[in-house]
Amino acid sequence: MKLTLKIWRQATTDATGAMHTYQLDGVSEDMSFLEMLDVLNEQLNASDEEPIAFDSDCREGICGMCGLMINGQAHGPEVTTTCQLHMRSFKDGDEITIEPWRADAFPVLKDLCVDRSALDRMIQSGGYISANTGSAPDAHAAPVEKKKADRAFDVATCIGCGACVAACPNGSASLFLGAKITHLGELPQGQPERWDRVIGMVSQHDHDGFGGCTNIGECASACPKEIPLDVISQLNKDLRTAMVKGR
Amino acid sequence: MAVSGLLFIAFTLVHMYGNLKAFSGQEKFNDYAHHLREFGEPILPYEGFLWITRVGLLVALVAHVTSAVILARRASRARTTKYQYKKNKHSALSSRTMRWGGAALLLFIIWHLVNFSFGKVNPQTGETGAAAGDPYTLMVDTFDVWWMTVIYLVAMLALGFHLHHGTWSATQTLGYTNTATSRQRAKQAGWLLAIVIAGGFSLVPLSVMFGIIE
């Protein structure tokens with residue numbers, strides 16, 4: 001498979017970036033998207049060019065480290081992470097545009113790597129439960145209704161990759177926020193800090209310069225873990241309740 | 001944004017219903033326009049109800065536009081470097097045209113008020129104020145001008161788009177769509193209100209154009 005790759009190159013956060021075009025031959029359809037970039041980097045290394053920086057870690061779709069804007073779609077055309085996207089989703093002669101996540105809250109570090117610390121700061125502002133250390137309580141010590149356990153589990157699959165922010169025309173992180181709020185809010189352990197959590201996380205979200213949600217829905221269709229839009233409604237409901245409670 | 005939007009939905013629904021009185025003839029339609037001024041008497045003064053509605057709508061409009069401007073500014077600051085190439089996958093066109101559609105509706109509403117309310121401009125005779133004719137005559141004369149009908153129909157298309165996304169978006173913002181089923185219902189309500197309200201409004205200019213109302 002022969003490809004034309006148009007890739008964003010940017011030396012540092014403050015440097016001006018630009019799109020560069022590369023030709024790559026001998027790509028197998030069994031390669032993952034990141035393996036294809038590895039092959040390109042070997043080619044660049046061989047010709048003494050700076051290899052392209054991109055994030056990756058587990059390469060099995062569970063860590064949330066990788067994430068590229070591929071042909072205008074976060075994580076590319078399939079519902080999965082960039083590492084689990086395979087070249088069989090493309091065909092010989094394709095031109096592929098690769099860009100980093102674009103959001104001012106996610107500054108570009110180098111080439112395709114962005115700094116997603118803003119998501120960690122949101123977690124630090126309330127996306128946790130306070131638990132005493134010591135021996136773990138029995139797993140069934142706190143009963144959880146099946147429906148709630150299922151919903152909490154479904155949204156706990158959020159890996160914090162940032163695709164929702166990247167896909168959102170408003171640059172909002174509401175789907176990420178909603179996933180965390182719903183995950184902890186459905187469980188008994190999340191109740192004591194529930195109302196402070198939503199205020200803290202939303203304030204941090206706005207402080208870091210993410211946009212406001214207008215319910216367009218691009219986030220949910222870009223999410224590799226298929227987090228549904230109703231978590232944003234849950235976020236709004238919790239926020240409304242917290243405000244009524246005067247938090 | 002959501003609360004003021006819901007107020008507009010209620011208003012447009014009632015306004016659309018009132019407009020359909022055009023089908024009962026000149027006398028009934030003019031009576032309806034007059035009754036709006038007497039509504040609530042003797043507890044309210046003459047035109048009291050009308051002014052309460054006007055002030056309420058104006059407050060809602062200010063809230064709606066202010067929220068829209070804040071959201072638009074936040075969005076433009078959130079992504080100052082644009083994508084070279086961005087595809088939208090599953091979002092409705094109506095959801096992505098709320099800002100431009102809203103601005104178009106605002107311009108239309110200004111003209112609509114000049115046309116029928118504060119100015120009373122008859123585009124056919126060129127007369128303004130009381131000389132423009134009674135409400136029914138003014139309406140028929142306006143929609144007998146083909147390009148006026150076109151402007152109104154385009155505005156109703158924009159209104160339909162705005163209602164389609166706005167209805168579901170308001171329920172989502174207020175936190176009432178916490179399950180897949182309620183989300184589906186809110187989206188269906190968006191379709192229903194868009195078709196009923198924008199469609200109902202469009203019936204009158206279309207009927208004038210085709211000579212059903214004259």
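Domain bounds in the structure described here come from an automatic or database domain assignment. On that basis, chain A of this predicted model is divided into domain 1, residues 3-110, and domain 2, which is made of residues 116-128 together with residues 145-244. The centres of domain 1 and domain 2 of chain A, taken over C-alpha atoms, are separated by 27 Å. The contact between these domains draws 18 residues from domain 1 of chain A and 17 residues from domain 2 of chain A. On the side of domain 1 of chain A that touches domain 2 of chain A, nine residues are nonpolar, seven are polar and two are charged.

As regards secondary structure, chain A contains eight helices and seven strands, and its C-alpha trace spans about 60 × 35 × 35 Å along the principal axes. Of the 247 residues in chain A, 46% are buried. Among the contacts in chain A with a separation of 6 or more, 70% are accounted for by residues 24 or more positions apart.

Chain B, by comparison, comes to eight helices and zero strands, and the C-alpha atoms of chain B fill a box of roughly 55 × 40 × 30 Å along the principal axes. Buried residues amount to 26% of the 214 residues in chain B, and, among contacts in chain B between residues at least 6 apart in sequence, 63% join residues at least 24 apart. The mean pLDDT of chain B is 95, with 100% of its residues at 70 or more. For the complex, the predictor gives an ipTM of 0.92 and a pTM of 0.94.

Two packed helices are described by the angle between their axes and the distance between the axes. In chain B, the axes of helix H1 (residues 2-19) and helix H8 come within 9 Å and cross at roughly 35°, and the crossing of H1(B) past H8(B) is left-handed. Helix H1(B) contributes Ile9(B), Thr12(B), Leu13(B), Met16(B) and Asn19(B) to the contact, while H8(B) contributes Leu193(B), Ile197(B), Gly200(B), Phe201(B) and Val204(B). Seven residues of the contact of H1(B) with H8(B) are nonpolar, three are polar and none is charged.

The interface between the chains brings 32 residues of chain B into contact with 34 residues of chain A. On the side of chain B that touches chain A, at least two residues each are supplied by helix H3 (48-78), helix H4 (93-96), helix H7 (146-173) and helix H8 (180-209) of chain B, and H3(B) gives the most, with five residues. By class, this side of chain B has nine nonpolar, 14 polar and nine charged residues.

Leu229(A) is found in the loop between helix H7 (218-222) and helix H8 (230-244) of chain A, and it is classed as buried because 23 other C-beta atoms lie within 10 Å. When residues up to four places away in sequence are not counted, Leu229(A) touches Gly217(A) and Ala220(A) as well as Arg183(B). Leu229(A) and Leu109(A), 120 residues apart in sequence, are 30 Å apart in space, C-alpha to C-alpha. In chain B, Phe108(B) is placed in helix H5 (residues 98-116) and is partly exposed, with 18 other C-beta atoms within 10 Å. The C-alpha atoms of Phe108(B) and Tyr136(B), residues that are 28 positions apart in sequence, are 20 Å apart in space.

Several backbone features were also identified. Most residues other than glycine have a negative phi, and most peptide bonds are trans. Asp111(A), which is not a glycine, has a positive phi of about 45°, and its place is in the loop between strand E6 (108-110) and strand E7 (113-114) of chain A. Asp111(A) counts as buried because it has 21 C-beta neighbours inside 10 Å. Asn215(A), a residue other than glycine, likewise has a positive phi, near 60°, and lies in the loop between helix H6 (194-207) and H7 of chain A. With 26 other C-beta atoms within 10 Å, Asn215(A) is also buried. In chain B, the peptide bond from Glu41(B) to Pro42(B) is cis, with omega near 5°, and Pro42(B) is located in the loop between helix H2 (26-38) and H3 of chain B.

Notes:
Residues are numbered from 1 along each chain as its sequence is written. Chains are lettered from A and ligands numbered from 1 in the order in which they are written. This is a predicted model: local features need pLDDT of at least 70, side-chain atom pairs count only at pLDDT 80 or more; totals for chains, interfaces and linings use all residues. Two residues are in contact if their C-beta atoms, placed from the backbone, lie within 7 Å. Helices (H or I, at least four residues) and strands (E, at least two) are DSSP runs, numbered from the N terminus. Ala, Val, Leu, Ile, Met, Phe, Trp, Tyr, Cys and Pro count as nonpolar, Asp, Glu, Lys and Arg as charged, and the others, Gly among them, as polar. Axes are lines fitted to C-alpha atoms, for helices over the stretch in contact, and angles run from 0 to 180 degrees between N-to-C directions. A crossing is left-handed if the near helix is turned anticlockwise from the far one by less than a right angle, and right-handed if clockwise. pLDDT is the predictor's confidence in each residue, from 0 to 100. A residue is buried if 20 or more other C-beta atoms lie within 10 Å of its own, exposed if 12 or fewer, and partly exposed in between; C-beta atoms are placed from the backbone.
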